[in-house]
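Biologist: Could you take a close look at one part of this model for me? Please start there, and then lead me on to whatever else deserves attention.

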Amino acid sequence: MNRDERVVRELVSAYGRTYAEEAGIRLADTPQPLYRLLVLSLLLSARIRASVAVAAARALHEDRLDSPRRMADADWQQRVDALGRGGYRRYDERTATQLGDGAEQLDERWGGDLRRLHEEAHGDTGKLKRLLQEEPGIGPAGADIFLREAQRVWRELGPYLDGKALSGAERLGLPKDPAKLTKLAGDTEPAVLAAALVRAALDKGVAEDCLQRAS
């Protein structure tokens with residue numbers, strides 16, 4: 001096993017958990033978990049700690065704001081309160097509005113089912129990313145987060161390793177080529193590899209820990 005393989009092994013072993021898993025989302029190609037992933041992606045895309053975004057996503061789920069219809073039917077203050085309970089206070093008011101508007105749009109355009117958005121893209125990842133960004137609050141970063149995680153169930157996307165994941169690879173001294181990285185990762189799912197690389201990109205300590213373990 002060469003140096004790069006050891007680094008990837010240690011990275012995945014210690015930090016190979018998707019953000020959906022951390023938020024308690026059992027991802028499947030069905031409407032509710034896909035919607036919860038979209039909400040999580042919106043929350044993670046803000047300039048806020050990932051742990052806070054995950055906690056806010058869990059709080060929304062605890063309040064049963066886990067479908068476009070329920071999110072749209074909830075009043076604005078209910079959304080703000082759930083976000084605040086998760087510690088998501090800096091952006092809570094704007095985000096509460098985006099969640100409500102996005103839920104209504106998703107319900108009206110795609111019947112509340114992100115699989116229809118997926119079908120509309122006809123296997124074109126670029127189009128899929130553009131369609132996701134039509135949702136209020138979902139910009140390029142949010143779309144990348146969604147696609148990194150969704151490749152677990154929309155397998156034709158893989159390997160989806162965006163700029164953030166590749167910056168993690170660079171910090172670890174690994175090749176910045178998705179095909180080479182997935183080969184180094186062996187049987188590891190691309191979504192798991194992507195999440196681990198993002199953790200290394202976001203936290204220098206993660207990278208240092210993996211490099212020390214692999215030495």
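Modeller: Happy to! Let's start with glutamate 10, which sits in helix H1, residues 3-15 (helices are DSSP runs of H or I with at least four residues, strands are runs of E with at least two, and both are numbered from the N terminus). Please keep in mind that this is a predicted model, in which local features need pLDDT of at least 70 and side-chain atom pairs count only at pLDDT 80 or more, while totals for chains, interfaces and linings use all residues. Residues are numbered from 1 along each chain as its sequence is written, and side-chain values use heavy atoms, with hydrogens and water left out.

Glutamate 10 counts as buried, at 14% relative accessibility (buried is under 20% relative accessible area, exposed is over 50% and partly exposed lies in between, with a 1.4 Å probe and protein chains only). Leaving aside residues up to four places away in sequence, the partners that glutamate 10 touches are Cys210, Arg213 and Ala214 (contact means heavy atoms within 4.5 Å).

From there, let me take you to helix H10, residues 140-150. Nine of its eleven residues are buried, so H10 is largely enclosed by the rest of the structure. The buried stretch is made up of Gly142, Ala143, Asp144, Ile145, Phe146, Leu147, Arg148, Glu149 and Ala150. And what covers those residues? The cover includes helix H2 (19-22), helix H3 (31-44) and helix H8 (114-121). Helix H9 (125-132), helix H11 (163-171) and helix H13 (190-202) are also among the elements that cover H10.

If you follow the chain out of H10, you come to the loop between H10 and H11, where proline 159 has its place. Glycine 158 and proline 159 are joined by a cis peptide bond, with omega about -5°.

You will find arginine 64 in the loop between helix H4 (50-62) and helix H5 (68-73).

For a contrast with glutamate 10, which is buried, turn to glutamate 108 in helix H7, residues 92-110. Glutamate 108 is exposed, with a relative accessible area of 67%. Its C-alpha atom is separated by 18 Å from that of alanine 121, which is 13 residues apart from it along the chain.

Let's finish with the aromatic rings. The structure holds two aromatic pairs. In the pair of tyrosine 88 and tyrosine 91, the ring centres are 6.3 Å apart and the planes are at 50°, so this pair is tilted (rings of Phe, Tyr and Trp, with its six-membered ring, pair if their centres lie within 6.5 Å; planes under 30 degrees apart are stacked, over 60 edge-to-face and the rest tilted). Tyrosine 88 is buried, at 0% relative accessibility. Tyrosine 91 is buried as well, with a relative accessible area of 13%.
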